[in-house]
Amino acid sequence: MTINEIQEEIIEEFSAYDDWMDKYQYLIDLGSEQEPLPEKYKTESNLIDGCQSRVWLQADLTSEGTIHFQAESDALIVKGIVTLLIRVLDQQTPDDILNADLHFIEDIGLKEHLSPTRSNGLLAMLKQMKLYAVAFKAKG
């Protein structure tokens with residue numbers, strides 16, 4: 001699936017909820033369904049700077065030239081947010097990631113309903129994912 005197709009799916013899923021408490025619960029549910037990050041990746045170098053909670057992000061270039069992301073957080077809502085980001089950007093090429101307009105964040109109202117610290121964390125996670133894309137593109 002393309003990044004835009006995945007974003008449209010997420011927008012549709014969130015539109016099923018009218019209330020933001022329900023949307024937060026959905027985010028928490030998404031995070032709790034995520035596969036735990038293997039312990040070997042929970043390293044200082046994988047911690048994302050700029051997040052109030054602890055978020056580890058691991059990225060690997062696949063043989064198909066796409067990036068496989070894995071992450072975990074010690075905060076439930078943040079884990080849900082990083083799960084959404086991975087859902088959109090996982091198994092995409094570095095170019096697709098770098099050129100993506102991630103409009104779903106605003107379209108589902110996430111940006112305006114996050115605290116300033118969580119908003120900064122979201123931007124930090126996104127920035128780190130794009131930095132991985134830059135690095136893998138340079139290698140390629």
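Lys42 is partly exposed, at a relative accessible area of 27% (buried means under 20%, exposed over 50%, partly exposed in between, with a 1.4 Å probe and protein chains only). The model is predicted: local features need pLDDT of at least 70 and side-chain atom pairs pLDDT 80 or more, while totals for chains, interfaces and linings use all residues. Residues are numbered from 1 along each chain as its sequence is written, and side-chain values use heavy atoms, with hydrogens and water left out.

Lys42 forms a salt bridge with Glu72, the closest N and O atoms being 3.1 Å apart (a salt bridge is a side-chain nitrogen of Lys or Arg within 4 Å of a carboxyl oxygen of Asp or Glu). This pair links distant parts of the chain, 30 residues apart, with Glu72 in strand E2 and Lys42 in the loop between helix H2 (20-33) and strand E1 (55-61). Helices (H or I, at least four residues) and strands (E, at least two) are DSSP runs numbered from the N terminus. Glu72 is buried, at 11% relative accessibility.

The count of salt bridges comes to six. One of them joins Arg87 to Glu13, with 2.6 Å between the closest N and O atoms. Arg87 lies in helix H3 and Glu13 in helix H1 (residues 3-15), so this contact ties together parts that are 74 residues apart in sequence. Both residues count as partly exposed, Arg87 at 26% and Glu13 at 25% relative accessibility. Glu9, Glu13 and Arg87 are linked in a network of salt bridges. A further salt bridge is formed by the side chains of Glu106 and Lys111, at 3.4 Å from N to O. Here Glu106 is exposed, with a relative accessible area of 53%, whereas Lys111 is partly exposed at 41%.

Arg87 is also one of the residues that line the largest pocket, which has a volume of about 160 Å³. A pocket is an open set of points on a 1 Å grid over the protein atoms alone, where a 1.4 Å probe fits, with protein on both sides within 12 Å along at least five of seven lines; lining residues have an atom within 4 Å of a point. The volume is the space filled by probe spheres set on the points, which are joined across faces, edges and corners. Strand E2 (67-73) and helix H3 (76-89) each supply at least two residues of the lining. Other lining residues include Gln34, Glu35, Pro36, Leu37 and Pro38. By class, the lining holds six nonpolar, three polar and two charged residues (Ala, Val, Leu, Ile, Met, Phe, Trp, Tyr, Cys and Pro count as nonpolar, Asp, Glu, Lys and Arg as charged, and the others, Gly among them, as polar).
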